[in-house]
Every structure is written in C-alpha cells, then in structure tokens.
Protein chains: 2
Amino acid sequence: MNSKIVLVVLDGLGDRPIVALNGLTPLESARTPHLSLLAEKAECGLLDAIGVGVRPTSDVAILNMLGYLPEKYYSGRGPLEALGTGLSLKEGDVCFRVNFATVDSQLKVVDRRAGRISDCSVFEKELNGIEVEGVKFVLKAGLGHRAALVMRGIELSPSVSEIDSHAAGKKVPEAKPLSQEPAAKRAASFLNEYLKKARVVLKKHKHNKERQKQKLPPANYLLVRGAGTPPKLPSFEEKYGLKSACVAAEGLYKGVARAAGMHVIPLNGATGKSDSDLLAKVVAVKKNIPNYDFLLLHVKATDNFGHDGDFVGKRNFIERVDGALKELVGLHHAVVVVTGDHSTPCEMRDHSGDPVPIMFSGDGLRKDNVKKFGERECAKGIVGRISGKDVMPEALNLAGRAPLFGS
Amino acid sequence: MNSKIVLVVLDGLGDRPIVALNGLTPLESARTPHLSLLAEKAECGLLDAIGVGVRPTSDVAILNMLGYLPEKYYSGRGPLEALGTGLSLKEGDVCFRVNFATVDSQLKVVDRRAGRISDCSVFEKELNGIEVEGVKFVLKAGLGHRAALVMRGIELSPSVSEIDSHAAGKKVPEAKPLSQEPAAKRAASFLNEYLKKARVVLKKHKHNKERQKQKLPPANYLLVRGAGTPPKLPSFEEKYGLKSACVAAEGLYKGVARAAGMHVIPLNGATGKSDSDLLAKVVAVKKNIPNYDFLLLHVKATDNFGHDGDFVGKRNFIERVDGALKELVGLHHAVVVVTGDHSTPCEMRDHSGDPVPIMFSGDGLRKDNVKKFGERECAKGIVGRISGKDVMPEALNLAGRAPLFGS
C-alpha cells in the first residue's frame with residue numbers, strides 16, 4: 001500500500017440547520033458532486049477537533065488534528081502567525097498577531113481592520129526594525145490587514161495583556177504585564193513605547209494620506225494580541241516519517257506548517273478570502289503528490305462566511321470548493337481526507353463545538369453508505385465520532401503507513 | 001443565543017429487551033408522545049455515564065455527568081446523602097448513609113428497610129446528638145427508611161467497614177477499622193458503641209411499640225455504610241458560570257446538588273418513589289427557568305422498578321414521566337437534555353453498564369432522524385456514543401455557552 005495522504009481542511013466548515021435552506025446546513029444544501037464522488041469510496045464520520053462540545057480556535061484545532069497536543073505544544077497564536085508570514089523565529093522571541101486598524105484621535109477604534117485594507121506591506125519598511133531600549137521590533141505583513149510583530153533582544157515574557165478593545169467605539173487599552181516578573185513588565189512597557197512610535201509613523205505615512213484622499217479609513221494603529229513564544233514541535237517527518245507540504249493562504253496555517261517542519265508551497269492567487277484561486281491550490285496539491293507523502297490543503301473562506309452569517313455565500317463557496325476538488329477525484333494510491341477544523345454556524349456568527357463531517361476516501365477502504373458529504377449524513381458513516389487526535393492515526397492506518405504497536 | 005439548560009436524569013432508565021414486552025425495553029415499549037416531541041428537535045445518542053461497559057452507582061455517575069471527575073472528587077456516598085438531608089458538614093466529619101432496618105434478637109437482618117418504613121424522622125430526636133467519648137453523632141432522617149449519620153468532634157477516619165449484611169437472615173457485622181491508623185480504630189470502636197446505644201433507644205421507642213401493635217416490622221437497628229468525608233467541589237457557578245438549581249426528591253441528588261453549590265428547590269409531594277408528584281417537579285423546573293441558567297431534574301423511581309424487576313411498572317412509570325414532561329415541550333431559548341445515569345435492567349434487578357439514551361433538544365440544532373426516545377433508536381442519532389464527562393460540554397455548546405478553547 002503506502003498511499004499518499006492528502007488532508008483537506010475547510011475552515012469553519014460545520015454549521016447548523018438554516019430555516020431558509022429548508023432546514024439544511026450550507027454544506028448539506030450545497031451541490032457537491034465531487035465530494036459525493038469522494039464519499040463513494042470513503043469511510044465517513046464526525047470529528048471533534050478537540051473534544052465533544054469543545055469550541056476551539058483554528059490554531060489549537062489544527063495542532064491537535066496533526067497530532068500535536070495543544071496542552072503540550074501550544075504556545076500562543078502570535079508565533080504561529082509570525083511563522084506564517086515567513087519570519088524566522090529565535091528562542092526568546094515574544095510574538096504577536098497584529099491587525100492594522102483605524103482609530104480616532106482619542107484612540108477609540110473606528111475599524112478593527114482599517115476597512116479590510118488589502119495590503120499592509122506598504123507600511124512594513126517604516127515599522128520594521130524600530131528599537132526600544134535594546135529591544136528590536138520586527139514587523140512583517142501578512143494577508144490583508146494582518147501582520148506579525150516580534151520583540152527580540154533581551155529577556156522578555158509573553159505575559160502581557162492584549163492591545164485590542166475588540167469593538168468599534170471602545171478605546172484601545174495599553175499593554176499591561178500579566179505577571180510580576182520583570183520580564184513581563186519590560187515587555188509591556190516597551191511594547192507600549194513601540195506602539196506610540198508606530199502611531200507617529202503611521203499618522204504621517206504617505207499611504208495613509210493617499211487612503212484619506214480616497215476616503216478610505218487610514219491604517220493608523222496596530223492592534224496587538226496572541227502573545228507567545230516560538231513553539232517547539234517535533235517535526236512531522238520525525239513524528240510520522242512523512243515528507244510533508246502545505247498549501248494554504250492564511251498565515252496561521254502556513255505558520256503551523258512551518259512549525260511542524262512542513263514545506264510551504266508558494267502560491268499566487270491564494271488570498272484566504274472568497275476570491276481565492278481554489279483551483280490553483282488544489283492543482284498545486286495534486287502536482288506535488290509525487291513529491292511528498294503528506295499534503296495539507298487549507299481553505300479559509302468557509303469560516304469567514306460563517307462569521308459574517310452569510311449562509312448563501314457559504315453554500316455557494318462550498319460549491320466552488322467542490323468544483324476545485326474535482327482534481328482530487330479518482331486518485332489512486334492516495335487517501336484523501338476532507339474535513340473542517342471546527343463549525344462556524346452562520347446563525348451564531350462564531351465558532352461552535354458542533355462536530356464537523358470527515359471522510360477518508362481511497363481505494364479498497366470500507367466504504368459506507370454515505371453518499372453526500374454533510375454533517376448529518378456523515379454521522380451515519382462507519383468512522384463514528386472521532387477526536388482530532390485520531391485523525392493522523394486513522395489516516396496513516398488507511399494509507400498503510402501505521403506503525404505497529406506491540407511486538 | 002445563551003439558552004437555558006435543563007438536564008433531566010431518569011435514574012436507572014436504561015434496560016434490556018424483555019420478551020414479555022415483545023423484545024422491547026420498558027422505555028422502547030412505553031407510549032411517550034412528549035419525549036417524541038422533544039426528540040423531534042433533538043440530537044440523540046447513547047451515554048456511558050462513566051465509560052463503556054462500566055456499571056456505576058448513581059453518585060459517581062451524576063458527579064461525572066456534571067463534570068466532577070469521580071477519581072478526583074468522590075469522597076464517598078455518606079457525605080452526599082448527609083448533605084441531601086440538609087445537614088451542614090464540617091471539615092473532619094465522617095459521614096454515613098443509614099438504613100433503618102429490622103433485626104431479630106440475634107442481630108440477624110429480618111428486613112433491610114424495616115418494611116419500607118415511610119418516615120423514620122420520628123426516631124430522629126432520640127438518636128441525634130448522642131455522644132461517645134467526645135464524639136458527637138448527628139443523625140438526620142431522609143426519605144422513607146433512609147437517614148444520614150455524621151461523627152464529629154475528634155480526628156476520625158472514614159476507613160471503617162460497613163455495618164450491613166446486605167441480606168436478610170445474615171447477622172449484622174460490627175464495624176472494623178480498614179487501616180491501622182488510630183483514627184480508623186477510634187471511628188470503628190465509637191461507631192459500634194453508638195449503634196449499641198441506638199439499639200437500646202430503638203427497642204423501647206414508642207413508635208416501634210406502635211409498629212409492633214400494627215404487625216409492622218420495628219425499625220430497631222441502623223445499617224450503616226458509605227463512609228466518607230465532606231466532598232470539596234468547585235461550585236457549578238465557578239466552574240461553568242451558570243446559576244443553577246436542582247429539583248429532586250432523593251437525598252443523594254440533593255446532596256450532590258448542594259455539594260456543587262446548586263440551589264435545591266423545596267418541593268412538596270416529591271417522594272423519590274412511584275407516587276412522586278412528577279408534574280409538580282417538572283412544573284417547579286419550568287417555573288424556575290427564568291431564575292436560573294441550569295436546572296437539574298432528577299426522577300428516582302425508574303431505578304426502583306428496575307431493582308424490583310417490575311418491567312410493566314417501569315414502563316408505566318416512564319409513561320407517567322412522559323406525561324409530566326409535556327411541560328418542557330415547546331420551550332424556546334432552552335436546551336432540554338433527557339437521559340439516565342445508568343441502566344437498571346429489570347431482568348438483572350441491578351445496575352448494568354449498558355449505555356442509556358440521551359437527547360439534546362432545542363431550537364436550531366442538528367435534529368436527526370430519531371423519532372422515539374429509546375435505547376436502540378438513540379443509537380442511530382447524530383450524537384453517537386458519548387461519555388458522562390461530555391454531557392456538560394455538549395450541553396454548553398448547544399446552548400451557546402461554551403467557552404472558547406485557544407486564542
């Protein structure tokens with residue numbers, strides 16, 4: 001056997017029934033002929049990325065699904081986002097995720113995403129490399145309004161409060177140390193100092209003047225959260241003996257992949273949004289199957305539609321994903337796993353702890369009677385209700401790659 | 001969202017197929033239109049209160065279902081029964097559950113429940129407050145033949161053997177220390193002393209003379225077991241942020257509720273037996289939904305019928321429960337969870353490790369195809385087979401109250 005493994009994760013895929021969709025979920029209501037073709041030779045079930053009823057963020061969900069117990073390996077969202085931008089991290093770094101935002105003169109938030117600015121890398125040069133009392137601040141732009149910030153140089157602690165009011169109209173707080181250790185006090189104080197300097201830079205930045213001319217909200221402040229230190233993960237190859245690669249647009253997933261020592265396949269046209277070039281992503285995966293044992297494909301926008309409460313958009317986007325997945329139909333010597341990392345029900349506009357459907361599709365498996373990939377159909381499948389930590393063992397087993405336990 | 005949560009636990013609900021019920025279980029064979037209405041908008045499954053095949057007592061089962069790991073939090077049945085009688089416990093107390101029983105002159109058990117005496121509080125005054133060498137014995141009557149006994153005053157250990165032959169015709173043993181520590185030796189010796197004194201009191205008690213006149217077995221001895229110290233549970237509110245209350249007749253459940261800091265709603269007519277005023281209990285729950293986030297409703301008699309092997313009685317009682325549950329049909333902004341704490345198959349006349357059906361009923365959930373609440377129907381539901389520790393996370397999630405895991 002020794003099949004290749006392709007793990008397709010559709011972010012926030014799961015949902016709850018929508019009255020306007022005849023009581024179906026967006027996935028259940030979507031026309032998904034290619035997912036059905038995959039399901040035809042699949043073992044199906046339901047997946048709780050962490051555990052029954054647990055409502056996870058994407059970072060801990062994917063770590064657990066890849067076999068990295070969050071309790072042991074999760075060191076914050078910031079460092080994963082930082083790795084996702086391509087930054088190399090060093091021991092002792094304190095890392096944050098950053099939103100470029102719009103605030104008023106009172107530091108009250110006007111827009112947490114600066115009008116969903118399409119590219120904040122235009123500010124990178126002036127904000128990167130600023131030093132405060134021997135601490136260097138490294139800033140790297142991600143997709144859209146997102147960026148990563150790294151503090152480096154002296155002993156610092158990630159025990160600092162986040163600088164984000166999480167709501168328009170509320171004043172942005174200052175960073176405060178969350179412990180009594182001097183390293184936390186230093187980190188909070190220097191971070192506040194950096195943000196003041198950054199504010200001055202952004203205020204007079206030519207791109208913001210340009211945005212104001214165009215009546216666009218200026219990207220005039222940095223909202224900073226998710227403090228953490230670089231994660232220490234055994235590599236995927238070390239852990240499973242798999243040569244692995246990742247196709248993703250979003251920084252977080254690229255960061256997790258890099259943390260696990262996966263190759264991140266560079267892509268044009270993958271935006272992490274609904275305009276993402278899905279076909280290019282799936283084709284990139286397919287092309288690379290000969291080169292790797294394990295490929296992780298992440299699609300972000302399903303989650304965005306859930307957060308926006310746009311169930312029609314979510315359904316239509318799932319249909320676009322299905323169209324692109326045509327490329328993965330009919331593969332041999334490959335186990336294609338399709339699932340989500342959590343549910344983002346449109347009516348909740350937030351993550352929930354409802355399980356997501358999962359299928360393991362491949363030749364010669366115990367195909368069940370599930371014909372349509374969906375939340376309630378997959379509940380009838382042969383896999384049952386499994387947990388994130390079961391995904392890799394199950395995939396390895398079905399791919400003929402599971403190590404023997406016992407002697 | 002933020003729905004209220006109502007957890008209905010029918011004690012010993014689960015059963016095995018009965019030939020005389022056409023191969024159905026009492027629940028499967030019962031006419032339960034209101035449970036069916038709840039099931040119509042529910043996610044259904046099977047529940048192992050502790051784990052697959054584990055045959056639990058009610059105390060550890062309900063602790064686990066409420067999220068209190070028995071390995072960590074269970075300190076014996078006695079203290080829970082004591083709390084259930086309304087006693088306030090102090091650190092260092094050693095608590096027992098007590099049966100008022102009938103013994104002969106040789107101390108051989110004639111009836112472990114003194115003819116299921118309806119009220120043993122008539123003996124309370126004379127048995128409560130007796131002192132033995134500086135140890136005060138607090139006795140409080142519960143329902144029927146049940147009472148709680150607390151030893152208080154000097155250092156004592158709960159490591160003492162039980163004083164119960166568990167069978168008619170067998171002599172009641174003396175308490176023996178189960179460890180070499182002086183505190184255990186003291187506890188056993190003082191307890192034996194107390195029981196001798198209690199025997200003298202009971203022998204000449206006017207209510208026993210009255211019972212003998214009426215040809216009723218006298219309540220002339222105390223069977224004492226379930227030794228333990230007061231449990232130390234983090235409160236339900238602390239643990240989940242839920243303001244909670246309990247409606248129950250039986251001491252154990254009231255005790256667990258009190259140990260968890262729940263308000264125990266006082267009730268008339270709830271007896272823990274088949275004549276219990278079920279409607280009053282369900283109405284008490286319904287009335288209190290506006291005042292609490294979480295309501296626990298416990299019904300005891302399903303278990304009694306199982307222990308008695310009375311499958312027709314169990315089926316009929318389930319139909320009575322169903323009638324009362326009418327009050328919980330059609331609620332909005334509420335997740336109604338119906339389940340049992342364990343199975344008590346009539347043919348076994350004892351607890352078994354067979355899972356019990358469970359449903360989570362509420363608006364907007366992923367309702368499945370289960371139409372009838374029953375052991376084998378629920379096995380086809382979307383929830384799958386879950387464990388006691390999953391009940392609260394699942395309920396919190398479906399009620400829109402799950403905390404976010406990750407950042």
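Let's begin where the two chains touch: 21 residues of chain B and 31 residues of chain A take part in the contact. Keep in mind as you look around that this is a predicted model. Putting the chains together buries about 2,100 Å² between chain B and chain A, and carbon and sulfur atoms give 53% of that area.

Polar contacts between the two chains come to twelve residue pairs. Which parts of chain B face chain A? Both α15 (388-398) and β15 (404-405) of chain B supply at least two residues each to the side that touches chain A. Helix α15(B) gives the largest share of that side, with five residues.

Now step back from the boundary and look inside chain B. Here you can find eight strands forming an open sheet, with mixed pairing, in the order β10-β9-β11-β1-β12-β13-β2-β14. At the edges stand β10 (263-264) and β14 (384-387) of chain B, each with a single partner strand, so one side of each has no neighbour in the sheet.

Strand β1 (residues 4-10) of chain B runs parallel to β12(B), and seven bridges join the two. Along that pairing, V8(B) sits opposite V338(B) in β12(B). On to the next pair: strand β12 (residues 334-340) of chain B and β13(B) pair in the antiparallel sense, over three bridges. There, V336(B) stands opposite S361(B) of β13(B). Strand β13(B) also pairs with strand β2 (residues 42-48) of chain B, again in the antiparallel sense, this time over six bridges.

How many residues of strand β13 (residues 356-361) of chain B are buried? Six of its six residues are, and the strand is mostly covered. In a regular strand, side chains alternate between the two faces of the sheet. You can see this in β13(B): V356(B), I358(B) and F360(B) point one way, P357(B), M359(B) and S361(B) point the other way, and all are buried.

For a helix, go to α7 (residues 182-203) of chain B. Its 22 residues reach 32 Å from the first C-alpha to the last, close to the 32 Å expected at 1.5 Å a residue. Buried residues in α7(B) include A184(B), A187(B), A188(B), L191(B), Y194(B), L195(B), A198(B) and L202(B). When you check that list against the picture, remember that an α-helix has 3.6 residues a turn, so residues three or four places apart point the same way.

Finally, back to the charged side chains. Over all chains, the structure holds 39 salt bridges. One of them joins R77(A) and D59(A), at 3.9 Å from N to O. R77(A) lies in helix α5 (residues 77-84) of chain A and D59(A) in helix α3 (residues 58-65) of chain A, so the pair ties together parts that are 18 residues apart in sequence. Are R77(A) and D59(A) buried or exposed? Both are buried. They also belong to a network of salt bridges that links D59(A), R77(A), E81(A) and R97(A).

D303(B) and K300(B) form a salt bridge with their closest N and O atoms 3.0 Å apart, and both residues are buried. K380(B) and E377(B) meet in another salt bridge, at 2.8 Å from N to O. K380(B) counts as exposed because its relative accessibility is 59%, while E377(B), with a relative accessible area of 26%, is partly exposed.

Key: Residues are numbered from 1 along each chain as its sequence is written. Chains are lettered from A and ligands numbered from 1 in the order in which they are written. This is a predicted model: local features need pLDDT of at least 70, side-chain atom pairs count only at pLDDT 80 or more; totals for chains, interfaces and linings use all residues. Side-chain values use heavy atoms; hydrogens and water are left out. A salt bridge is a side-chain nitrogen of Lys or Arg within 4 Å of a carboxyl oxygen of Asp or Glu. Helices (H or I, at least four residues) and strands (E, at least two) are DSSP runs, numbered from the N terminus. Buried means under 20% relative accessible area, exposed over 50%, partly exposed in between (1.4 Å probe, protein chains only). The expected span of a helix is 1.5 Å times one less than its number of residues. Contact means heavy atoms within 4.5 Å. Buried area is the accessible area (1.4 Å probe) that two parts lose on being put together, summed over both. A polar contact is a pair of N or O atoms within 3.5 Å; within protein, one must be able to donate a hydrogen and the other to accept it, and residues adjacent in sequence count only if both atoms are side-chain atoms. Two strands pair if DSSP finds at least two bridges between them.
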